Amino acid sequence: MEILAILGRGIQKLRESDPNSEVSSWHLTEDLEICTDLGAHLAVRVPVDDTHPNCLVGGGQMNLEAGKVLILQHAPQIVVYAFGNRSAYLKEAHAPSESEVTTEALHMSLSNNQMIREPEMVIWHRTHSTDFTSNTRQEILNIFDLAIERELTRIGFVTIGVHIPRTATFMAKHISTNLKYQHLSPVMFESEEVLLCSSKKWKPRVDALRNSHAFRRNLANEFKGISAVFAGKYNTVNK
């Protein structure tokens, strides 16, 4: 693996966050989160209630932990995390990019580990703005373009399990319709399975996630989205 791409799952502020610490005041989403009626992230975290119809799978923290395992196992040259434009709710809050926050969290978490090779962490800064919407489809394109720019081909993608089907669908669409991407060799990793293989301590947490009402809600939404992709009618929440 030459590039490890940890896909973004949103960031939020805690009510007790330090207003003077811009980046560290933002935190990765928990396993479950309360979202807006349209399924977008809330800028400020509220208590989770799995019975609430707007409670969905977050997964930012779990993606981070799985990413750490893969870095230690595969020693990629480059790591990217949430590699794309700021979402609408972050722009409205004048927040840093998700990539800035998540990469800093990853760096801090890895600082005490003995690593074979320190990876280069490429950050999508808030000032790196394009005209494209912030979503999974575009994030994958950004990562593919980075691989071409760096003349690398082997890319590992890691994300929460419920996000895998849509991610794989977009990946196949991009490769099938864009000749410039057809030499790339992407592989998918599911965060939950990576963590379960690394330690038995993750089983209660993974079981709780997979048995949640939020997981079932999210899975239904994911397959609706995939059907829309195949029908050419896909629209995403600008989250």
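Searching the whole structure turns up 2 cavities of 30 Å³ or more. A cavity here is a set of points on a 1 Å grid, over the protein atoms alone, where a 1.4 Å probe fits but cannot get out, and lining residues have an atom within 4 Å of a point. This is a predicted model, where local features need pLDDT of at least 70 and side-chain atom pairs 80 or more, while totals for chains, interfaces and linings use all residues. Numbering runs from 1 along each chain as its sequence is written, and side-chain values use heavy atoms, leaving out hydrogens and water.

| Cavity | Volume | Lining by class |
|---|---|---|
| Largest | about 220 Å³ | 2 nonpolar, 13 polar, 5 charged residues |

In the largest cavity, 20 residues make up the lining, and S87, E98, S134, N135 and E139 are the closest to its centre. Helix α4 (residues 136-150) gives the most to that lining, with 4 residues. For the second largest cavity, the top contributor is strand β4 (residues 32-34), with 3 residues; the lining includes Q12, E30 and R45.

Now the packing. The largest nonpolar core has 31 residues, and L4 and L106 touch the most other members. Such a core is a set of buried Ala, Val, Leu, Ile, Met, Phe, Trp, Tyr and Cys residues joined through side-chain atoms within 4.5 Å, with buried meaning under 20% relative accessible area (1.4 Å probe, protein chains only). Helix α1 (residues 60-74) gives the most to this core, with 6 residues. Apart from it lies another core, of 24 residues, L7 and L146 among them.

Technical notes: 1 Å grid on protein atoms, 1.4 Å probe; cavity = no way out; pocket = protein on both sides within 12 Å on 5 of 7 lines; lining within 4 Å. Points joined across faces, edges and corners; volume = space filled by probe spheres on them. Helix = DSSP H or I, 4+ residues; strand = E, 2+ residues; numbered from the N terminus. Nonpolar A, V, L, I, M, F, W, Y, C, P; charged D, E, K, R; others polar. Buried < 20%, exposed > 50% of the residue type's maximum accessible area, 1.4 Å probe, protein only.
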